[in-house]
Amino acid sequence: MEHQDFLFMQAALELAEKGRGCTSPNPMVGSVVVRNGEIVGRGYHQKAGEPHAEIEALLDAGEKSQGATLYVNLEPCCHYGRTPPCVGRIIQAGIRRVVVAMEDPNPKVKGRGIQELRAAGIEVQAGILENEARKLNEAFIKYITTGQPFVVCKMAMSLDGKIATVSGESKYITHPQSREWVHRLRSELDAVMVGINTVIKDDPLLTVRLENQSGRNPHRVIIDSTLRIPLEARVLDKDPVAKTLIFTLESAPVEKRKHLEAQGALVFSVKKNDQGKVLLRSVLEQLGQMEISSLLIEGGAEINASAFQENLVDKVICFIAPKIIGGRNAPTPVGGKGILKLSEAIPLYEVQARMLGEDVMIEGYVHI
């Protein structure tokens, strides 16, 4: 039975993956109903507010759910959210056994769904492919337990660690395949953040542009302590889905704020750090209140340095192009004051590397 449990849970995880980029602030969840060793029902959570994976699988299975086993990569919910709880429907369907990959970290659930199933006489087994399930929903886990988004810091540099030439030219250091991968990543996360220097220098759109594919545009987050952003900046282009959020200080010019809001931007005043600039932690707190569960930092050296200094980064993705740029004054991915001792360096964990075109992509986690 254990071998079959792994196979059917893998099927549930593959179904859950179909919801990537669409379910936030909810987790990605897939489910299968199995009877006599065969899958008789499949489902996955497609969007927040729509039926959960278990309900979709039960509907697909119909009467075949009676006496069957239900596999799901996240503990079934037992509370009312955007939709009714799943536990009751599972009991009503006559499911005999439930196999769960991981307990729901949501404080409103956190083991109570499993308890209710067992109280109803249903056999429950938990922990099958738990590590895979936790990685799949790493953003949801961070968001639901802290109220702040999961933060990915993306860097792209030459082999000698430069993100631009001494003249500031940076388009394009990396291979087209790497850039396409980043656009796909943008479409999967809720928001993308840059600093005002990047806006002034590069005038980015921060939208998703995938060849022959559609993608959801993330919210565009701009850090601008004094509202230096040009009113003609492309990030102020109106998008019906992806809003532009500008974070500034209370001391920023009131008239400029009114002009930006008239163009459709949302402007927030937040706390300042020791250098008199926007405190990024206060930005993350505001984003969490807006149900933004994941954030991609695509800024320059200074905003990257601030994010690491405030210990906000959860994951790093770095693209290294096989090019030598040189120049002692050419910018590097992380600025700031730097460290004095190597023992103060920030290590990465669970590091993986792969090739994308001619580039090497390295990803790893800041926290275990």
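I started at valine 34 and looked for its bridge partner in S2, which turned out to be isoleucine 39. This is a predicted model, so I kept in mind that local features need pLDDT of at least 70. I then checked the strands themselves: S1 (residues 30–35) and S2 (residues 38–44) pair in the antiparallel sense, over 6 bridges. With 2 residues between the strands, the hairpin has asparagine 36 at a positive phi near 55°.

**Entry 2, the sheet.** Next I wanted the strand order, and I found S2-S1-S3-S4-S5 in an open sheet of 5 strands with mixed pairing. S2 and S5 (123–126) are the edges; each has a single partner strand, so one side of each lacks a neighbour in the sheet. On average, neighbouring strands here are turned by 15° against each other, direction ignored.

I moved on to S3 (residues 69–72) and S4 (residues 97–100), which pair in the parallel sense over 4 bridges. Threonine 69 stands opposite arginine 97 in S4. What packs on this sheet? I found H1 there, touching S1, S2, S3, S4 and S5. The direction of H1 makes about 145° with that of S1.

Of its 34 lining residues, Arg20, Met28, Leu136, Glu138 and Glu188 are the closest to the centre. By class, I read off 14 nonpolar, 8 polar and 12 charged residues in the lining. Elements that each supply at least two lining residues include H1 (2–17), H7 (176–188) and S12 (315–321).

Note on methods: Residues numbered from 1 in each chain as written. Predicted model: local features only at pLDDT ≥ 70, side-chain atom pairs only at ≥ 80, totals over all residues. Heavy atoms only, no water. Pairing = 2+ DSSP bridges. 1 Å grid on protein atoms, 1.4 Å probe; cavity = no way out; pocket = protein on both sides within 12 Å on 5 of 7 lines; lining within 4 Å. Nonpolar A, V, L, I, M, F, W, Y, C, P; charged D, E, K, R; others polar. Axes fitted to C-alpha atoms, helices over the stretch in contact; angles between N-to-C directions. Contact = heavy atoms within 4.5 Å.
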